[in-house]
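The structure is shown first, and the description follows.

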Amino acid sequence: MTRFAITVDSYDTDFTVRAVAHADLIEITPDRWAMPTRSGATIDERAKRFLAPLAAQRPLIMHGVGLSLGSHDRVSGAYLGLLDELFADFRPLWHSEHLAYCDVDGEPLGTMVELPCDEETLDLICPRVEEIQDRYGVPFLLENVARAFPRDDDDTYASADFVNRVVRRTGCGILLDVHNLRCDVHNFGVDALRYMDELDVSAVREIHISGGTDYKGFRLDIHSRLVDAMTFDLARVALARCRNADALVFEVLGEAITTLGAAAIEAEAVRLKSLLRN
Amino acid sequence: MSDLARRQRVLLKSLKGRPLDRADAGEEARLQRAAACTAMLRETMLWWRQLGISNACPLTVAVLKRAGRWPAILVSFVRDTPGSTYIGIQAEHFLDYLANDGDALTAAVARTERALRSSAADSRYRAEVAWPCDPAPVLNHCLNGTPLDADAGMQAFNVRIGWSDACSLQWLESDPMDNRATTA
């Protein structure tokens, strides 16, 4: 049975209470609870105090943005340090990251970019995925990012086929983000239904849904709007096909609590949760 | 260098506005074929940076906006520094970047804001920052948007930052004969 989850990534108590009321699981992003140290980052003690009662009420799942799985040189040690801390204190059911990179030679890009779908990339990331799975001992899922560029002529594999190959080599799971897919439809003419046809949907353990915005002809994935009709419909299709999905997660940035309002986000959560009853 | 390494390094340089090498020509051509996408990615990256820095460094950003320098400084900061995934570190990098700015007022505000961040993290921290003018109207402008005269006065001040019972700013006119002290 697919459960409903909401992102909690701020100290807004009112919002968190509302989220707990509607969510079966809570998803947190380790990077958002970090405080900087000279050598990297650590989980803020205040964050641990805030998350402890939350974890007592709802199981946590973790979704990172800072691992940089596909950096040519290395994954982020600082991010793994954050995960180590959180796993020690709050045993999440599973965790996930993006099939992408955000650091180059240790320097942040300031954004996240998709990887080439070829053998070189498979050989780079698959051992890293296996190492992470061994390290934490819970399922590790990989998410499709919203493409920044059109598909490359040099790509050996179609995007979904590439994900399937990572799954086959490593045994990891898939996090299907339907708004990212919706961005790819708008920005690059990707056929979302064909993508789902080609994807090994039996490996999809989690589905992300969120709201974005249209800007200068592009669809942007900003997690701070309500969910539009196309994304809602894609989620319905994804849920029908991904019968092993354990969670539908409404991703919403903490900053959106101010702009949208906690009540509007709560109402949206109720609407999205209705997808699970159909 | 592997194809992936070159691709990632060239994208990093392009997004941050750094010069490319001759050896980067192939990847540069690839990015130019998708110029609109590259431009949008850079704009998105800059937007997230401006959001994070504006939230973390409101005083300094307010002074830069007043001077019409904020967009250009953001671009040069991104080009010249590695940045950080963590907004706290990024904010400190940004304030350090402006601590020796050619505009004495901007430098003073950046140093003051940097000292306030350090003070908030460490109750033993003490600092003194030289200002080229009375800090009160400038800080009032930064915090509350009150109008600021073009000439904020030429009298130099020193601002002391630290904790007593609470984190405080104390400013003293630099003329030792007239140590007028104000606390905020």
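Strand 9 and strand 10 (residues 173-177) of chain A run parallel and pair over 3 bridges; strands pair here if DSSP finds at least two bridges between them. Helices (H or I, at least four residues) and strands (E, at least two) are DSSP runs, numbered from the N terminus. Within this pair, A:Leu141 is placed opposite A:Gly173 of strand 10. Between strand 9 and strand 10 of chain A the chain passes through helix 5 (residues 159-170), a β-α-β crossover that is right-handed. The term right-handed applies if, with the strands pointing away from the viewer, the path from the first strand over the helix to the second runs clockwise.

Strand 9 of chain A also pairs with strand 6 (residues 95-98) of chain A, again in the parallel sense, over 4 bridges. A:Glu143 of strand 9 is the bridge partner of A:His98. In a regular strand the side chains alternate between the two faces of the sheet. Strand 9 of chain A (residues 140-143) is covered on both faces: A:Phe140 and A:Leu142 are buried on one side, A:Leu141 and A:Glu143 on the other. Buried means under 20% relative accessible area, exposed over 50% and partly exposed in between (1.4 Å probe, protein chains only).

The model is predicted: local features need pLDDT of at least 70, side-chain atom pairs count only at pLDDT 80 or more, and totals for chains, interfaces and linings use all residues. Residues are numbered from 1 along each chain as its sequence is written, chains are lettered from A and ligands numbered from 1 in the order in which they are written, and side-chain values use heavy atoms, with hydrogens and water left out.

**Interface of the two chains**

Chain B gives 35 residues to the contact and chain A gives 38 residues, where contact means heavy atoms within 4.5 Å. The two chains bury about 3000 Å² between them, 63% of it on carbon and sulfur atoms. Buried area is the accessible area (1.4 Å probe) that two parts lose on being put together, summed over both. On the side of chain B, the residues that lose the most area to chain A are B:Leu4, B:Gln8 and B:Tyr86, together 23% of what that side buries.

The interface has 7 salt bridges and 11 residue pairs in polar contact (both at pLDDT 80 or more). A polar contact is a pair of N or O atoms within 3.5 Å; within protein, one must be able to donate a hydrogen and the other to accept it, and residues adjacent in sequence count only if both atoms are side-chain atoms. Helix 1, helix 2 (25-33), helix 3 (35-56) and helix 6 (87-98) of chain B are the elements that give two or more residues to the side touching chain A.

One residue of helix 1 (residues 3-16) of chain B is B:Leu11. B:Leu11 is buried, at a relative accessible area of 3%. Apart from neighbours within four places in sequence, B:Leu11 is in contact with A:Tyr101, A:Leu109, A:Val113, A:Phe149, B:Leu31 and B:Leu41.

**Salt bridges**

Over all chains the structure holds 39 salt bridges. The rule asks for a side-chain nitrogen of Lys or Arg within 4 Å of a carboxyl oxygen of Asp or Glu. Some of them are listed here.

| Pair | N to O distance |
|---|---|
| B:Arg9 and A:Asp105 | 2.7 Å |
| B:Arg30 and A:Asp152 | 2.1 Å |
| A:Arg219 and A:Asp228 | 3.6 Å |
| A:Arg271 and A:Glu268 | 2.9 Å |

B:Arg30 belongs to helix 2 of chain B and A:Asp152 to the loop between strand 9 and helix 5 of chain A, so this pair joins two chains. Both B:Arg30 and A:Asp152 are buried, and both A:Arg219 and A:Asp228 are buried.

A:Arg271 and A:Glu268 are 3 residues apart in helix 10 (residues 262-273) of chain A, so about one helical turn separates them. A:Arg271 is partly exposed at 33% relative accessibility, and A:Glu268 is buried at 6%. Elsewhere, salt bridges that share partners join A:Asp152, A:Asp154, B:Arg7, B:Glu27 and B:Arg30 into one network.

**Positive phi angles**

Most residues other than glycine have a negative phi. A:Ser68 is not a glycine, yet has a positive phi of about 60°. A:Ser68 sits in the loop between strand 5 (60-63) and helix 3 (77-89) of chain A, and is buried at 2% relative accessibility. A:Lys216, also not a glycine, has a positive phi of about 50°. The loop between strand 12 (213-215) and strand 13 (218-220) of chain A holds A:Lys216, which is exposed at a relative accessible area of 57%.
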